[in-house]
Amino acid sequence: VRNYLMEKIDHFRLKHPKIAIELIDLSTSTLIERLEERKIDFVVDSTPVETVYNNIEIKPICSLSTCFVKSVKNTNKINSLKELENEHIILPSSRSSLRKNLNKCFNESNANINPILEFETEELIIDAARRNLGVGYVVKSAIQYLIDAKILEYVVVKEELPKMEINLVYVNNYLTNVARIFIEEEIENGNGCI
């Protein structure tokens with residue numbers, strides 16, 4: 001939501017101030033069930049989106065870059081995923097797609113990473129890294145303001161980190177007119193990821 005959808009909602013509300021929007025933050029499987037039950041209009045979620053329903057359409061929207069960050073107070077030099085084994089690591093929840101994709105990267109690099117902290121929200125990972133509790137893994141655009149303020153700095157590793165793929169998930173026959181307008185104006189014709 002923070003890295004993609006809020007800008008779209010802000011722009012849409014400027015053009016359509018009388019339309020009410022409700023955001024629901026649940027697991028992907030629960031959101032897909034609610035979509036199938038026609039309780040929600042559409043889902044914006046990261047890859048992988050898995051479903052048993054054959055009427056659900058999954059449309060890739062954009063990719064977001066990810067990165068490791070640390071407090072500027074942490075003077076350790078880190079150049080590879082293997083070198084992260086010696087650091088306190090702060091990661092997203094093991095259930096998140098962001099973490100699952102990163103785990104594949106760790107496995108390919110033979111890096112044995114055991115996080116000291118795991119959080120459900122990116123905000124908590126950023127706050128923990130800012131407090132110098134360890135090296136955090138986040139979406140790059142979420143921390144640019146802290147990089148610019150010289151509170152956090154990037155940890156540049158030689159390995160290519162996975163991107164977070166954002167998808168639009170919907171049932172075409174179930175879309176309301178307002179949902180179609182939002183998708184057309186903000187997702188299909190709007191700018192890509194921030």
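Reader: What makes β3 and β6 a pair of strands?

Author: In this predicted model, β3 and β6 are joined in the antiparallel sense over four bridges, and because two strands pair once at least two bridges are found between them, the term applies. Within this pairing, Val69 stands opposite Gly136 of β6.

Reader: Why are β5 and β7 said to stand at the edges?

Author: The sheet is open and consists of five strands in the order β5-β4-β6-β3-β7, with mixed pairing. β5 and β7 each have a single partner strand, so one side of each is left without a neighbour in the sheet. From one strand to the next, the twist averages 35°.

Reader: What makes β6 largely enclosed?

Author: Five of the five residues of β6 are buried, so the strand is largely enclosed by the rest of the structure. Among the elements in contact with the sheet is α3, which touches β3, β4, β5 and β6 and whose direction makes about 130° with that of β4. α4 lies across β3, β4, β5, β6 and β7, and runs at about 145° to β6.

Reader: How do you know that the buried residues of α4 line one face of the helix?

Author: The residues concerned are Glu122, Ile125, Ile126, Ala128 and Ala129. Seen down the axis of α4, they fall within an arc of 165°, so they line one face. As background, an α-helix has 3.6 residues a turn, so residues three or four places apart point the same way. The cover over the buried residues of α4 includes β3, β4, β5, β6, α5 and β7.

Reader: Why is Asn74 called buried, and what does Asn74 touch?

Author: Asn74 is found in the loop between β3 and β4. Its relative accessibility is 10%, and because buried means under 20%, Asn74 counts as buried. Leaving out residues up to four places away in sequence, Asn74 touches Glu87, Asn132, Val135 and Glu153. Of these, Asn132 follows α4 and has a positive phi, near 65°.

Reader: Is Val156 buried or exposed, and how do you know?

Author: Val156 has a relative accessible area of 60%, and since exposed means over 50%, Val156 is exposed. Its place is in the loop between β7 and β8. Not counting residues up to four places away in sequence, Val156 touches Ile78 and Asn79; Val156 and Ile78 are 78 residues apart in sequence, and 7.2 Å apart in space from C-alpha to C-alpha.

Reader: Which residues have the most contacts inside the largest nonpolar core?

Author: That core has 33 residues, and those with the most contacts inside it are Phe68, Leu81, Leu84, Leu91, Leu102 and Phe106. At least two residues of this core come from each of α1, β2, β4, α3, β6, β8 and α6. A second, separate core has 13 residues, including Val69, Ala128, Val138 and Ile143.

Definitions and conventions:
Residues numbered from 1 in each chain as written. Predicted model: local features only at pLDDT ≥ 70, side-chain atom pairs only at ≥ 80, totals over all residues. Heavy atoms only, no water. Buried < 20%, exposed > 50% of the residue type's maximum accessible area, 1.4 Å probe, protein only. Arc of directions from axis to C-beta. Contact = heavy atoms within 4.5 Å. Core = buried A, V, L, I, M, F, W, Y, C linked by side-chain atoms within 4.5 Å. Axes fitted to C-alpha atoms, helices over the stretch in contact; angles between N-to-C directions.
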